[in-house]
Amino acid sequence: MFPQVSINRAKLSENIRVIKGALDLVGVEVAAVTKAFGAHPDIANVFVEGGVEVLADSRLENLAKLVSFRTKKMLLRLPALSEVDSVVRFADISLVSHLETAQHLSESAGEQGQYHGLILMMDLGDLREGIFCSSTFIETALAIQKLPNLSLEGVGANFCCVGGLIPSHNEVQRLNQLVLNIEERSHISVRTISAGNSSSLHLICGATSATPITQLRIGEAFLLGRETAYGKRIPGTYSDCFTLHAEIIEKQRKPSVPVGEIGTDGFGNKPSFVDNGEHWRAICAVGRQDVDLSQLTPVDNRISVVGGSSDHLILNIEACSDDYGLGDIVDFSLSYSGILGVMASPYVNKKIIQ
Ligand SMILES: *Cc1c(COP(=O)(O)O)cnc(C)c1O
């Protein structure tokens, strides 16, 4: 069944071993982020077998798929007030930035006879979630420590998401200072400094001195084998754990510029084309309903993507037209958001290999 995304278990498992190994060396625990693959339980299981301490996702529907897993679960997106009961039910820990949210979680945890852990998020300048002001942050942390059925597990921050802020030791020191201030005033220890995502790996790998960081929440680096602050590849890892396969449903020789009067395309845009003359084209049965087509790269570098629509992807195969025919399968590598797209599309068949 095509389109199909294949997930190479052995390669993913090796990525987990290498990255988890580097974090173990400096005593940093990892929350493996499952959102890009929709928390597919068979893939999440590869992480559990690799020894990750926590499974983390931004959506409750995804965490609900992992109910049978005994690994600790973390909700990454700030809980909505309307969903606190499910947060307590499906997650052991959540990230918060409001005392009011914590109060609701505390109440719900009490009603359900559960205990819930919180990481209070500080905004260090990336300007997505988190409390921006240090004194408000400390007051909120102290108030959370007084709530029943909850524990303030730690403090956290996010980077390279909306503002593109690259985390440095300076940001880590700020988190550490907040922890020291909270501990000094409440005499309750704060266990976790959750210092970001795949863009924080450069702070750890090759670190020469002890780091105050105790946890990172890692998604992209595991799946694509690179850190995301500078986009550097992580030695010994694979970038092709996920591959999309699509079938050719037409192969024809056509001009590169549309013929006749040109209006708008199927999406209301006026298309423009460069005239490369006539060439061999293939149409694959995959489209924007499956993935943002700009997130695909043909594995065969003689192929280029011309364009596409909801259900069609058009390729220029002039340089390799003898090698591809009707019914053949074309392979594509995927970016992180490409992986997210195909894993979320109900039209894409998911196949775990090896
Ligand atoms: C998505 C997300 C992560 C993981 O980010 P990667 O760049 O995939 O490592 C970590 N923390 C939060 C809060 C997130 O939303």
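The crossing of helices α6 and α7 is right-handed, a term used when the near helix is turned clockwise from the far one by less than a right angle, left-handed being the anticlockwise case. Before I go on, please keep in mind that this is a predicted model, in which local features need pLDDT of at least 70 and side-chain atom pairs count only at pLDDT 80 or more, while totals for chains, interfaces and linings use all residues. Residues are numbered from 1 along each chain as its sequence is written, and side-chain values use heavy atoms, with hydrogens and water left out.

Helix α6 covers residues 134-145 and helix α7 residues 169-186, and the two pack at about 45° with their axes 10 Å apart; helices here are DSSP runs of H or I with at least four residues, strands are runs of E with at least two, and both are numbered from the N terminus. The axes are lines fitted to C-alpha atoms, for helices over the stretch in contact, and angles run from 0 to 180 degrees between N-to-C directions. That angle makes α6 oblique to α7, since under 35 degrees counts as roughly parallel, over 145 as roughly antiparallel, 65 to 115 as roughly perpendicular, and the rest as oblique. On the α6 side, Ser134, Phe137, Ile138, Glu139, Ala141, Leu142 and Gln145 meet Arg174, Leu178, Asn181, Ile182, Arg185 and Ser186 of α7, where contact means heavy atoms within 4.5 Å.

Most residues other than glycine have a negative phi, and most peptide bonds are trans. The peptide bond from Phe2 to Pro3, however, is cis, with omega near 0°, and Pro3 sits in the segment before β1 (4-8).

Let me turn to the other helix pair. Helix α1 (residues 9-25) and helix α2 (residues 41-49) have axes that come within 9 Å and cross at roughly 40°, and α1 and α2 are therefore oblique to each other.

Finally, which residues are closest to the ligand? Of the 14 residues that surround the ligand, the closest are Lys35, Ser198, Arg217, Gly219 and Tyr336, with a residue counted when one of its heavy atoms lies within 4 Å. A polar side-chain atom of Lys35 lies 2.8 Å from a ligand oxygen atom, and one of Arg128 lies 3.0 Å from an oxygen atom of the ligand.

Terms used: A polar contact is a pair of N or O atoms within 3.5 Å; within protein, one must be able to donate a hydrogen and the other to accept it, and residues adjacent in sequence count only if both atoms are side-chain atoms.
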